[in-house]
Amino acid sequence: MAAIGSLVFCTDCGNLLDGGAGKQNAILTCQVCGASCKDTSTKTIITRSKPSAFPSALRAKRSEVQTLTEADMQTSATIAHPCEKCGRDEVRYYTQQLRGADEGSTVFYECDCGHKWNTNN
């Protein structure tokens, strides 16, 4: 009798045998050739491998601890667009979909002087 995982096969004819339902020392009988053998499917095989056995760039990066502060996260981009209030040449902006998906998004602008405005695309 041969066991592959939890499946047990008859060594005489190769027929798949009914499992012994986890009972130790169970004797299984082949329905085709009548051979009787011990149930080996209850054996548990545990394998272990070292992390270095399968090198991975992702695993190496996972071990590096990264911390982000609020200042590191950038929520807006800058664009060369004049401020309506102070005339500064560069302002921050972000877009947001406020209307239907088939309509354009709304662009929100903010200048360092504190002036805010928006336009619909």
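## Two cysteines in two loops

Let's start with C113, which sits in the loop between β8 (106-110) and β9 (116-120). Keep in mind that this is a predicted model. C113 comes out as partly exposed, at 36% relative accessibility. Setting aside residues within four places in sequence, C113 touches C83, K85, C86 and R88.

Now for C83, found in the loop between β6 (77-80) and β7 (90-96). C83 is buried, because its relative accessible area of 5% falls under the 20% cut-off. Beyond the residues up to four places away in sequence, the contacts of C83 are R88, V91, C111, C113, H115 and W117. R88 turns up among the contacts of C83 and also among those of C113.

## The annotated site

What does UniProt place at C83, C86, C111 and C113? An unreviewed entry there gives these four positions the feature "binding site". They are spread over 31 residues of sequence, yet they cluster in space, with a largest C-alpha distance of 8.9 Å.

Take Q96 as an example: its bridge partner in β8 is T106.

## A closer look at T106

T106 is part of strand β8. Is T106 buried or exposed? It's buried, because its relative accessible area is 3% and the cut-off for buried is under 20%.

On the side-chain level, T106 and N120 are joined by a polar contact of 3.1 Å. N120 also shows up in the contact list of T106, which leaves aside neighbours within four places in sequence and runs to Y94, T95, Q96, L98, R99, N118, T119 and N120. So T106 has Q96 both as a bridge partner and as a contact, because contact here means heavy atoms within 4.5 Å.

Technical notes. Residues numbered from 1 in each chain as written. Predicted model: local features only at pLDDT ≥ 70, side-chain atom pairs only at ≥ 80, totals over all residues. Heavy atoms only, no water. UniProt positions renumbered as here; feature names shortened; annotations may be inferred. Helix = DSSP H or I, 4+ residues; strand = E, 2+ residues; numbered from the N terminus. Buried < 20%, exposed > 50% of the residue type's maximum accessible area, 1.4 Å probe, protein only. Pairing = 2+ DSSP bridges. Polar contact = N/O pair within 3.5 Å; in protein donor to acceptor, adjacent residues only side chain to side chain.
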